[in-house]
Amino acid sequence: MRDILLLAAVAAAFVFGYFVVRRLGRFLDEQQPEPRHSTEGESLRIGVTDPMVAAGLSDDLDRYSAAHPGTSVSLLSGTETELMQALSSRKLDVAFIPEESELPGQAHTLVREIMLCRDAVPENRSGLSLAPLSQGETGQKIVWLERELTPAANSFLELLRTKSAAPVWKA
């Protein structure tokens, strides 16, 4: 009889412990902050038609990389047509094209205009740099796919929109 009572007491302790641990687990889950959209381990692929515009983005890219150290950033250059095809095939997240460019009739792209400085592009192998003849700002369209915006691309666009030395940003 004593063994049965001991067995019942141990079983009751296990059942009670099980319910206490489940309740503690729910409590701890409720105390966790909402997860932020992380860009850790992601990539940001940016296309440009003019490498000197990419050099003008260097401060923004440095700021982005500091805020998102786990995100790899790639800059790719091509013609407007190549960039739009790469964007459509999701090989690019964002493209910068000249503001006077005509976009193909793609209803699923979003466009914002921004003023960027053209800057010299250093060449690593020869030590030469490619410098623009005319210094100053140039208008660019930022193009991205409306429904395919990655968290990394979204964070980059938000950084451009809210940076302290705010450029001209038109909807």
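Trainee: Which residue in S7 does Pro98 stand opposite?

Mentor: Pro98 stands opposite Gln140 in S7. S3 and S7 run antiparallel, with four bridges joining them; strands pair if DSSP finds at least two bridges between them. By the way, this is a predicted model, where local features need pLDDT of at least 70, side-chain atom pairs count only at pLDDT 80 or more, and totals for chains, interfaces and linings use all residues. Residues are numbered from 1 along each chain as its sequence is written, and side-chain values use heavy atoms, leaving out hydrogens and water.

Trainee: Fine. How many residues of S7 are buried?

Mentor: Seven of the 10 residues in S7 (residues 136-145) are buried, so the strand is mostly covered. Buried means under 20% relative accessible area, exposed over 50%, and partly exposed in between (1.4 Å probe, protein chains only). Strands (E, at least two residues) and helices (H or I, at least four) are DSSP runs, numbered from the N terminus.

Trainee: And where does Ser101 lie?

Mentor: Ser101 is in the loop between strand S3 (94-98) and strand S4 (109-118). With a relative accessible area of 6%, Ser101 is buried.

Trainee: What does Ser101 touch?

Mentor: Glu80 and Lys141, if you skip residues up to four places away in sequence. Contact here means heavy atoms within 4.5 Å.

Trainee: Switching to helices. Which residues are buried in H4?

Mentor: In H4 (residues 80-88), Leu83, Met84, Ala86 and Leu87 are buried. Seen down the axis of H4, its buried residues fall within an arc of 160°, so they line one face of the helix. That arc is taken from the directions from the helix axis to the C-beta atoms.

Trainee: What's on the face turned away from that buried side?

Mentor: Thr81 and Gln85, which are exposed. Just after H4, Arg90 takes a positive phi of about 65°.

Trainee: Last topic: how many salt bridges does the structure hold?

Mentor: Three. A salt bridge is a side-chain nitrogen of Lys or Arg within 4 Å of a carboxyl oxygen of Asp or Glu. One of them joins Arg45 and Asp93, with the closest N and O atoms 2.8 Å apart. That pair links distant parts of the chain, 48 residues apart: Arg45 is in strand S1 (residues 43-48), and Asp93 is in the loop between H4 and S3.

Trainee: Is Asp93 buried or exposed?

Mentor: Asp93 is buried, at a relative accessible area of 6%. Arg45 counts as partly exposed, at 24% relative accessibility.
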